[in-house]
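User: I would like to learn how to read the core and the chain contacts of a structure. Please give the general idea before each case.

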Amino acid sequence: MDIFLERLFDGVTNGAVYAIMALALVVVFRGTGTINFAQGEMALFTTYVAWALTTQDVPVWIAALVAAAIGFVLGAVTERTLIRPVRRRNDMATLVVALGLFTGFNALAGLLFNSETKTMPSLFPGGESDYVAVGGARLYWDALGVWLFVILVIGAVFWLFNRTRLGLHMRAVADNPESAALSGVPTGRILMLGWGLAGIIGSLAGVLVTPLSPHQLSLTTMFPILIYASAAALFGGLDSPIGAVVGGLVIGVLEMMITGYVEFIGGTLPQTAALVVIVLILLFRPTGLFGSRQMERL
Amino acid sequence: MSTKTVDVPVEKPAPAGRFPITIVRGSGRYRAGQLGLVALVALLLLAGASAEPFRVGQFTSVLIFAIAISGLNLATGYTGLLSIGHSAFFGLGAYTTGILVVSYGWEPLATLPVGVVLSFLIGVVVGLPALRIRGLYLALVTLAVGVAFPELVKRFADFTGGAAGLVIRARQLAPPDWTGLRLGQRHLWLYWLSAVILILVLLAVRNLTRSRVGIAMVATRDNEIAAAASGVDLAVVKTAVFGLSGAITGLAGGLFAMYIGALSPDGSFTLLKSIELITGLFVGGAATLLGPVVGAFAVVFIPYYSADLASGHVSGIVFGAVLILIVFLMPEGAVGLLNRLGRRIVRITTAAETGSDAGRSAAHSAEKEGEPR
């Protein structure tokens, strides 16, 4: 029982991170109609910056804020300078640009910070004894901190979407760019802000997950997370923020349960399991659980 | 809603001067030109073969990549199915050859057809989701395939050698007796083998893309619904093209195994390989016959000249920057650009078109009607 609970806690913690990464993907998808393959690598880059700051004795919370700010600028600048000019041409052009960014950011992080593994300090107390016992299982403070933090981020994003004028504009642009533009919404600026917002969320995911990741901070830290987050976003429906959160939690828990209880897959095929989930969803329910049906546009 | 732009080649009315020179397909001048091209290719290949062994090796990898990118070109360039998972086909071909040679003592050449068939079958399976989804979603599926391949290789370590890798002994890769080449001339054997296979692949791609199927592929890419309405069976076209595309890239993988001799899952078959192939395709020119060959030169020589700068990271940045720059500055790729410029100087027409432009303009207006509004 307690080992089950521990796996459940681990799954929820990972799932919480996948959820906010998936949220970043969904925010971009709703505005731009594409998945930003470079989202994970942009987050990796800002996480490296945060790590570099902590080595200069900057408190980790400040470093996380700086990473988020850089994430915002990176996202907004990318949309304005690289995505917007090619978006109208076709899907392929956007995807190829995103792939270019993916390779470029990863290599840039490697060039600036070399490929050795770094230890990223956690935002929360993460010692061996910092836990509460729940039904015989240990729930560590840092896991609990991640949960709370993710709830805060998600709450903020939902508040932004549903309670502010900016969020209304974002939803309008996602729904129907032409009508939104005709009603006086500055469509371009809203898209740019959307990408910036995704950059913030992604950066926070990066800073949160690296201390928990078994690989700590290395050039390959964020890629598996992007894969899981994509699976999560697809699972929930690519244009649904609620779907992203639910999808993230489901994928996180499933990952832990499968690697824990299904021996054939074990610890060696986790991403392949995510692949199978992606393919199955796309085959049987391409709009995901919460996605809207009118995604095919002519 | 979002309008897809369809690239309809806009042919300017012929200027009054001497250019473009019109050559009728099948005429004497056309045949002479073809013969000249064949002679040129033969000369280039001979020149390549007489370089020092290290250079010959580099040229061989250019030839192998050209085959792999030609495979990708069928799916991504001609049919518009963006694949980020072709590293898996490349790896599948390579491991098929590797395992059959190492564990079962097969003749390397005999393993190639097996790899091709396997890659074709897997390609069809991966292409199946393309029936219901397109563009972005297909890219996601292929991304996952590309990621899964190295994991699967590591998981089935008894079979594949796992993370430690699979080494084919040099003796097993010796040139066959009928070539008259010695063991030490292995590089020449692989060079000529790759060259011949590349030429066969290019001829096959050329004929395929000029056939009815080829038109169906391009129609699927440019406007799926219009294509389906015109009687293109999307399901058959997409899965078959994906299978064929995988098969050709798998063939290149088999050659690569013979060329490199040692396979490791994290070495040449990761997602980065897929990105290299995509970069090569777009640099050379998607949906052009010779684009993959030009792209292969870029893919082989860019890392070679930037690798010593800083442990491979610079070449990653260069790849990323080149990909983005190409999309902005030269979306048709090097060969696409050359083709367009070349058409101003030499125009090849069929006999029916000469004398009056009626046929062409009729075809044009028909094409325009197919455009989405």
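Analyst: A nonpolar core is a set of buried Ala, Val, Leu, Ile, Met, Phe, Trp, Tyr and Cys residues joined through C-beta atoms within 7 Å. Buried means that 20 or more other C-beta atoms lie within 10 Å of the residue's own, with C-beta atoms placed from the backbone; exposed means 12 or fewer, and partly exposed is in between. This is a predicted model, in which local features need pLDDT of at least 70 and side-chain atom pairs count only at pLDDT 80 or more, while totals for chains, interfaces and linings use all residues. Residues are numbered from 1 along each chain as its sequence is written, and chains are lettered from A and ligands numbered from 1 in the order in which they are written.

User: Which residues have the most contacts inside the largest nonpolar core?

Analyst: They are I20(A), L23(A), I278(A) and I67(B), in a core of 202 residues. Helix α1 of chain A (residues 2-32) supplies the largest share, 16 residues. Helices here are DSSP runs (H or I, at least four residues), strands likewise (E, at least two), numbered from the N terminus.

User: What does I278(A) touch?

Analyst: Two residues are in contact if their C-beta atoms, placed from the backbone, lie within 7 Å. Leaving out residues up to four places away in sequence, I278(A) touches S230(A), A231(A) and L234(A), and also L140(B), V141(B) and A144(B).

User: How many residues of chain B are in contact with chain A?

Analyst: The contact involves 41 residues of chain B and 38 residues of chain A. On the chain B side, α5(B) gives the most, with 14 residues.
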